[in-house]
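Work through the exercises below with the model open. Try each task before reading its solution.

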Amino acid sequence: MATVGDMNVRRLLPLRLRRSIGAWCFVDHYGPMSVDGVGVGSTGAMAVPPHPHIGLQTVTWLFAGNVLHRDSLGSEQMIRPGQLNLMTSGRGIAHAEESPAHRDPQLHGVQLWVALPDASRFTAPAFEHHAQLPFMGSDGFKITVFMGCLTGTCSPATTFSHLVGAQLVASRDVNTHLSVNPDFEHAVFVADGAARVAGAELTPGALMYLPTGRLGIPMAAPMGTTLLLLGGVPLGEPLLMWWNFVARTPHEMTAAVADWRDGKFGEVGGYVGEPLKAPPLRADLLVRRDRG
Ligand code: MN
């Protein structure tokens, strides 16, 4: 478990020996939790103050509840289950995410990061919201593709490498062999329920890694189970990840910290409260390298 503000999160990626899966380099799974501020164990709300990003895309996907996004481009966007908020930091952006004042009592979702490949990581910052995403039925799964492509069904979201991000919901008891791109490595995890995936029992908090070369993934899950499938062509680039930055060199990291301190990422309007301060930059964090 890790914490983000008041929230406990299941940090499924990066792992010590597996830094990325395709270009996916960060997976936090949170909830379901009460955010009505009154229930036992209620956190009150999600409240992630303004903070900067470089070198990545943030992918916000909800299973329940609602979250309000604001960024330094002036974007302000509510997101609900089944919708995608995609923020491309490129060379630099700042954002805040919080529970809106009028909100659903439960919150359940994931915060995912996609590393930008070297050729694209200084692209202009951008934000997009997709209220409608393509979905398909497959052997009892309702599959929504929110990033990239799965068996010819493609999300309209902007991507910078060949990848997939999809939600699978079992609309009945499912026992199937899900076709996947053999050029991709994949991660599968359960958001709600339990499933048997490629011979292993999965419950929330576990992430299964599947290397390239597979034409399909055996999956069995009772009705109501929700899974996420993430995958992509192995990035093949060493990533330097620290705090909210994905870079390649220690110098880029220290420059980003200085730029945030000096206000060069721009302001996030509308958030009540102080922006996050970067933690002290530790020397040992700057020599860690991608081993995945
Ligand atoms: Mn963020």
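**Exercise 1.** Determine the handedness of the link between Cys-149 and Cys-154.

Solution. The model is predicted.
- Step 1: check the bond. A disulfide needs two cysteine sulfur atoms within 2.5 Å. The sulfur atoms of Cys-149 and Cys-154 lie 1.9 Å apart, so the pair qualifies.
- Step 2: read the torsion. The angle about the S-S bond is 110 degrees, and the link is right-handed.

**Exercise 2.** Classify Cys-149, Cys-154 and Cys-25 as buried, partly exposed or exposed.

Solution. Buried means under 20% relative accessible area, exposed means over 50%, and partly exposed lies in between.
- Step 1: Cys-149 has 36% relative accessibility, so Cys-149 is partly exposed.
- Step 2: Cys-154 has a relative accessible area of 39%, so Cys-154 is partly exposed too.
- Step 3: Cys-25 has 0%, so Cys-25 is buried.

**Exercise 3.** Identify the protein donors of the manganese ion and their spacing along the chain.

Solution. 
- Step 1: list the donors. They are His-51, His-53 and His-95, each through NE2, lying 2.1 Å from the ion.
- Step 2: write the spacing. The donors follow H-x1-H-x41-H.
- Step 3: His-51 has a relative accessible area of 4%, so His-51 is buried. His-53 has 1% and is therefore buried.

Notes: Residues numbered from 1 in each chain as written. Predicted model: local features only at pLDDT ≥ 70, side-chain atom pairs only at ≥ 80, totals over all residues. Heavy atoms only, no water. Buried < 20%, exposed > 50% of the residue type's maximum accessible area, 1.4 Å probe, protein only. Donors = N, O, S within 2.8 Å, 3.2 Å for Na, K, Ca; no water.
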